[in-house]
Amino acid sequence: MSGTGRAAFGVVLGTLYALSGAATPEPAWAAAPEPAATLPAGEAAGTVAASEVREAQGLLAELGLWDGAPDGIADAAFVRAVEGFQRQSGRTATGRLDADTLAALRTRAEAIRTSRRLDAARAAETAEAQAAIAADPQLAARLAPQPGDLTAAAGRDLGPCRADPTAACLLTEAAESAKGIVDPELRDWVLGEIAVGLAAAAGVESVWPVLRLTVDPRAAFTGLRRVATARAAAGDAEAALALAAAARALPREALRSHAEVAEALSRLTPPPLDAVRQAETAAEVLLPQVADAGDRRAALATLARAARARGDGDAAAERLNRADALDLGADQAALVAAAWAEAGHPARAEALLAALPDAAERTPVLVELAAAHARAGSATAALQAARAVPEPRYRAVALADVAVALKQPEVISDAEAVAAQVELPYATAFAWSRIAEAWRALGRTEDAAAAARRIGDDALRVEALYRLAAATDTPAPTATTLAAEAETLRGGMLDRVARVRLAAQRAEQLATAGSAEAGLAVRATVDDALAVRNPWNRARALVAAARATAAADRHGVTVPPSNR
């Protein structure tokens, strides 16, 4: 994450903190206590501290509701301004500056400040990306808009794609649908998904016509990185390195791309060491070119994970020592602490953990610590770390993961007890989905099914049931029952894209297993995706269907003709 990106992230956290009702720091002009200021007769009765009036005047001015001086005098004009804010925010217009009104003023003003800071950070990063593209003639030529790029072709003939569905065909249609998406952020996100799929289906050259459709120049670099990392994970080292190098005009993006490619390649079995060294060498060359120390620290942590993945503990420690030497804030300290834990050095992680007072910063470190201790067979330390995770939703997941690593089913029961304490509906559902997966990993099919049925989110429950049905150790009759249960639930979902996405996942599972039902499942997924009309929904549905057809192609599955 870039310096401005991390600033934006911090701003988002600030907004959430403000919206939670927590106190925010007072501006300088509101710092000194003052005597009480009496409201005029005939207005809201009572007294209020002049310092609070002065603060409220400043906040009202930020909202465009006060044009006077912040003098701390609660006169009739001030009362009218407070009434205006109260009406604007859906409160009873009393004109009284009570605690609730002052808190609401602080929250609203902080939200506006946050928005301004986000806009400034976004504008700076966008300008930087645009300048980088302009400075690289080859990149500028590849991303230059072409006639027809911004307008979706009307009345396209879908017959050939329906008759002979291929990943390339479906993704090309997804790109056409993306042209009709109004929201630029949604459009750029789905174009990144399409680019990743097309690189696998039709080669990396097919990526460029998609990336030039992006609205935000930053999205072009993000897309390049995503495709490069995906190609590395697929074992296409040459393409991955070429795409990472294509981002060279923006050193921080090129650094991140090369580091992520190095990690993805290092996780292959066996890793292509020559390609890994090329990626790591390029990253080392780029490190001093990147001004932001946070970007350098993040890249070093990624490179450490790459070294760890291929068994080079010395290189991992050397890189993390360099990252440690950069004096940055708590968020970056948490990142490095988690990397130390993942690299098999829990003591170093624990040393950094002691300096992280914030629960949100401690959580990822504790999760990684629990996993590291579990991998090392240190059951007591693993459980201690998992149980120290502050929030129940993350603690339940950490306990489930530790239970699998230690092969201790009784720990999953602890995770279930914690999951029952989680209040947010989706967080509860996610915790139960991980618990179900933990039971499945330990071969406890009945317990896994029981946990899956406690998942409150339909999509997560269908995914869990499908995974359990596809497990090789699930008895055939049970697998049939679970798949039918999932299919019934999926069919009743209102979200058409979710239905297609889940059908695509099932089709991939069937194709991988060599099931005779795979071809029909792929056909139904393709037909359902092509029937979606909204551009945003249709593009995502087609991306999911493309994954299913790619799986069918890999496993030699014949897709029958359409009956639509």
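The structure holds one disulfide, a term used here for a pair of cysteine sulfur atoms within 2.5 Å. This is a predicted model, in which local features need pLDDT of at least 70 and side-chain atom pairs count only at pLDDT 80 or more, while totals for chains, interfaces and linings use all residues. Residues are numbered from 1 along each chain as its sequence is written, and side-chain values use heavy atoms, with hydrogens and water left out.

The disulfide links C161 and C169, with 2.1 Å between their sulfur atoms. Burial goes by relative accessible area: buried is under 20%, exposed is over 50%, and partly exposed is in between (1.4 Å probe, protein chains only). C161 counts as buried because its relative accessibility is 2%, whereas C169, at 23%, counts as partly exposed.

Next comes the nonpolar core, meaning a set of buried Ala, Val, Leu, Ile, Met, Phe, Trp, Tyr and Cys residues joined through side-chain atoms within 4.5 Å. The largest one has 151 residues, and those with the most contacts inside it are L170, I194, F221, V261, L369 and I435. Its top contributor is helix 28 (residues 535-554), which puts in 10 residues. Helices here are DSSP runs (H or I, at least four residues), numbered from the N terminus. Another core, of 17 residues, lies apart from this one and has L59, L60, L63 and A109 among its members.

Zooming in on I194, its contacts (heavy atoms within 4.5 Å) are L171, A174, A175, A178, V210 and V543, leaving out residues up to four places away in sequence. G192 sits in helix 8 (residues 184-202) and, at 3% relative accessibility, counts as buried. Although G192 and A548 are 356 residues apart along the chain, their C-alpha atoms are separated by 18 Å.

T302, in helix 14 (residues 293-309), counts as buried because its relative accessibility is 9%. Its side chain makes a polar contact with the side chain of R305 (3.1 Å). A polar contact is a pair of N or O atoms within 3.5 Å; within protein, one must be able to donate a hydrogen and the other to accept it, and residues adjacent in sequence count only if both atoms are side-chain atoms. T302 also touches A259, E260 and E263, again not counting residues up to four places away in sequence.

Finally, helix 23 (residues 445-452) has T445, A448, A449, A451 and A452 as its buried residues. Down the helix axis, these fall within an arc of 160°, so they line one face of helix 23; the arc is taken from the directions from the helix axis to the C-beta atoms. They pack against helix 21 (409-419), helix 22 (425-441), helix 24 (458-470) and helix 25 (476-491).

Key
Helix = DSSP H or I, 4+ residues; strand = E, 2+ residues; numbered from the N terminus.
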